[in-house]
Amino acid sequence: MNVPEGLFYTKEHEWVKIDGNLAKIGISDHAQHELGDITFVELPALHAPCEQFKQIATIESVKAASDVYAPLSGKISAVNNEVVANPELVNQSPYEQGWLLVIEITEESQLANLMDAEAYKNYLKENM
């Protein structure tokens, strides 16, 4: 499994890339692999508030529908409309073109609730 360094991860398999007070969010390579061919992505409205570990988006595949949870609290500052139009981007490039949304972080201390790449790799080994 591809687990890039420098990102944070949740137990629900979301990844987070921090840039100042902005957090770009997507689902991990493991998550997209488990879901199979992604057919639909529903993203939240711009400026909508979000709360850590609460549902913010939905991804559907040929196998199942899955909720995406906010790894951090804040408000939605950007959404990737490309993945709405082309959901397969999440399968093809989960860490680059397949990102889902950007959150303007309001609680930086919540980063402590996430895993770094090494911890996420260990989590995957223990829970697969």
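Buried means under 20% relative accessible area, exposed means over 50%, and partly exposed is in between (1.4 Å probe, protein chains only). I start with that because F53, at 36% relative accessibility, counts as partly exposed.

**Ground rules.** My model is a predicted one: local features need pLDDT of at least 70, side-chain atom pairs count only at pLDDT 80 or more, and totals for chains, interfaces and linings use all residues. Residues are numbered from 1 along each chain as its sequence is written, and side-chain values use heavy atoms, with hydrogens and water left out.

**Aromatic pairs.** I looked up ring pairs next. Rings of Phe, Tyr and Trp (its six-membered ring) pair if their centres lie within 6.5 Å; planes under 30 degrees apart count as stacked, over 60 as edge-to-face and the rest as tilted. By that rule I get 2 aromatic pairs.

Why does the pair of Y9 and Y120 count as stacked? The ring centres of Y9 and Y120 are 4.4 Å apart and the planes stand at 5 degrees, so the pair is stacked. This pair links distant parts of the chain, with 111 residues separating Y9 in strand β1 (residues 8-9) from Y120 in helix α4 (residues 117-126). For those labels, helices (H or I, at least four residues) and strands (E, at least two) are DSSP runs, numbered from the N terminus. Y9 has a relative accessible area of 0%, so I note Y9 as buried. Y120 counts as buried too, at 0% relative accessibility.

W15 and Y95 make a tilted aromatic pair, 5.8 Å centre to centre with 50 degrees between the planes. Distant parts of the chain are linked here as well: W15 sits in strand β2 (residues 14-19), Y95 in the loop between α3 (88-92) and β9 (101-105), 80 residues apart. Both W15 and Y95 are buried.

**Strands around Y9 and W15.** I then followed the strands, where two pair if DSSP finds at least two bridges between them. β1 and β2 run antiparallel and are joined by 2 bridges. Which residue in β2 stands opposite Y9? I found W15 there. The two strands form a hairpin with 4 residues between them, and H13 in the turn has a positive phi of about 80 degrees.

On to strand β3 (residues 22-27): 6 bridges join it to β2, and the two run antiparallel. The bridge partner of W15 in β3 is G26. β2 and β3 form a hairpin with 2 residues between them, and G20 in the turn has a positive phi of about 65 degrees.

**A charge over a ring.** A charge sits over a ring if NZ of Lys or CZ of Arg is within 6 Å of the ring centre and within 35 degrees of the ring normal. K24 has its charged end over the ring of W99, 4.9 Å from the ring's centre.

**Positive phi in loops.** Most residues other than glycine have a negative phi. H47 is not a glycine, yet its phi is positive, near 70 degrees. I place H47 in the loop between β4 (38-42) and β5 (49-50), and it counts as exposed at 56% relative accessibility. Back to F53: it is no glycine either, and its phi is positive at about 70 degrees. F53 lies in the loop between β5 and β6 (55-61).

Is E118 in a helix or a strand? E118 lies in helix α4, and at 42% relative accessibility it counts as partly exposed. The C-alpha atoms of E118 and P44 are separated by 30 Å, and the two residues are 74 residues apart along the chain.
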